[in-house]
Amino acid sequence: MTNADQFDGVAAMMQERKIAGVSANLAFTYRDPATAADVRRTFPWTERLVAVAFAYEPDAGTSEPEPGALRIARFADGDQYLGLRAALNALVAELKSTGARAEALADDSRLVDRAVAVRAGIGWWGRSTMVLVPGAGPWVLLGSVATDAPLDVDEPMVRTCGTCTACIPACPTGAILDNGVLDVRLCLAHHLQSPGLIPEDLRRVLGDRLYGCDDCLTSCPPGNRALEEANRILGPRILDILGATDADLLERYGHFYLPGRRPRIVRRNALVAAGNDQSPELVPVVIGYLGHPDWLLRAHAAWAVGQLGTELGDAALDMALTEERDGRVRRELLGARQRRSAGGGLR
């Protein structure tokens with residue numbers, strides 16, 4: 001538990017990162033840092049904040065790399081927030097039964113839950129910007145309960161990562177800076193859930209990821225024990241994603257953050273993974289997406305066809321160029337064709 005005072009320096013830090021550009025177009029708590037750093041702006045009656053960390057390993061499955069398959073970050077393997085919300089709701093009910101006011105906040109832009117967790121003493125700020133919890137490391141989801149109950153407060157945890165820098169070289173794009181700042185512009189997890197085109201220079205690095213990136217977590221020593229006990233399962237097949245209906249994708253992955261509640265980014269991400277894969281069976285399916293009604297999917301299909309690098313794909317790119325009218329897609333088609341002419345593509 002901690003008091004409900006505003007988090008000194010948190011809002012200023014967020015503003016500094018916005019000005020420096022390292023927060024990219026990230027919204028969420030960055031949309032209104034002053035509110036996110038002061039719970040009383042939302043709930044003026046709050047006297048205490050109760051921090052909750054829900055450890056989702058080893059129950060969350062982990063995706064093993066395999067041709068034709070996709071990886072999903074462990075926190076997104078099923079809706080792991082169900083467990084966190086159940087714990088928060090039980091706590092809210094208990095507090096209300098005593099006559100206190102209480103509100104749960106989980107994955108909520110109105111509160112920086114990591115700051116709450118650190119000041120409440122359940123974890124410490126990791127160099128990766130994650131909150132690390134003893135026994136679970138970074139494999140936790142965080143939430144809070146705002147209440148007016150006069151609960152005893154705890155001391156912040158006095159602990160740091162010390163000299164450990166394992167997460168910095170583990171990040172495939174160098175998004176974790178040596179001062180413990182995340183450059184969101186380079187974060188793969190951010191791009192996999194953002195709308196629009198994935199930057200071309202990051203597509204190859206995305207590899208077989210469908211959603212999220214666990215590289216900074218898997219490299220974190222405090223989480224080693226939880227990781228060793230984790231389940232090992234294969235992720236979904238690329239063909240299954242590209243062949244599914246929107247209804248099927250929403251049923252399976254509706255717990256992902258999907259802009260506009262549309263599964264287009266799931267398909268987009270699978271197309272990028274297809275371009276990084278070398279399975280011949282993917283070629284006709286990806287070519288089919290060159291005629292998809294969604295420009296975003298046609299654009300990423302163009303890149304993927306070029307990366308797969310087959311004569312059939314080359315002919316499909318040429319045909320698409322004669323028919324495509326969207327300038328964004330034409331740029332992708334031309335780029336793919338030019339790379340193929342220069343000897344690009346995976347094979």
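## Overall fold

Of the contacts (heavy atoms within 4.5 Å) in the chain between residues at least 6 apart in sequence, 72% join residues at least 24 apart. This is a predicted model, where local features need pLDDT of at least 70, side-chain atom pairs count only at pLDDT 80 or more, and totals for chains, interfaces and linings use all residues. Residues are numbered from 1 along each chain as its sequence is written, and side-chain values use heavy atoms, with hydrogens and water left out.

The chain has 16 helices and 10 strands. These are DSSP runs numbered from the N terminus: helices are H or I with at least four residues, strands are E with at least two. Along the principal axes, the C-alpha atoms fill a box of roughly 70 × 40 × 35 Å.

## Surface and charge

Buried residues make up 51% of the 347. Buried means under 20% relative accessible area, exposed over 50%, and partly exposed in between, with a 1.4 Å probe and protein chains only. The accessible surface comes to about 15600 Å², and 52% of it belongs to carbon and sulfur atoms. The areas come from the Shrake-Rupley method with a 1.4 Å probe; for residues, only the protein chains shown count as cover.

The chain carries 38 positive and 44 negative charges, and their mean positions are 5 Å apart. Lys and Arg count as positive, Asp and Glu as negative; His and the chain ends are not counted. Each charge is placed at NZ of Lys, CZ of Arg, CG of Asp or CD of Glu.

## Helix α1

Helix α1 spans residues 10-20, and its buried residues are Val10, Met14 and Arg17. Seen down the axis of α1, they fall within an arc of 60°, so they line one face of the helix. The arc is that of the directions from the helix axis to the C-beta atoms. These buried residues pack against α2 (33-36) and α4 (113-119).

The face turned away from the buried side carries the exposed residues Glu16, Ile19 and Ala20. Just after α1, Gly21 takes a positive phi of about 90°.

Ser144 sits in strand β8. Ser144 is buried, at 1% relative accessible area. Beyond its neighbours within four places in sequence, Ser144 contacts Val50, Leu88, Glu103, Ala104, Leu105, Leu111, Asp113 and Val116.

The loop between β7 (131-132) and β8 (140-147) holds Gly135. Gly135 counts as exposed, at 65% relative accessibility. Gly135 and Gly309 are 174 residues apart along the chain, with their C-alpha atoms separated by 46 Å. Ala136 lies in the loop between β7 and β8. Ala136 is buried, with a relative accessible area of 10%.

Most residues other than glycine have a negative phi. Asp107 has a positive phi of about 50° although it is not a glycine. Asp107 lies in the loop between β5 (102-106) and α4. Its relative accessible area is 40%, so Asp107 is partly exposed.

Thr129, not a glycine, has a positive phi of about 80°. Thr129 is in the loop between β6 (124-125) and β7. Thr129 is buried, at 11% relative accessible area.
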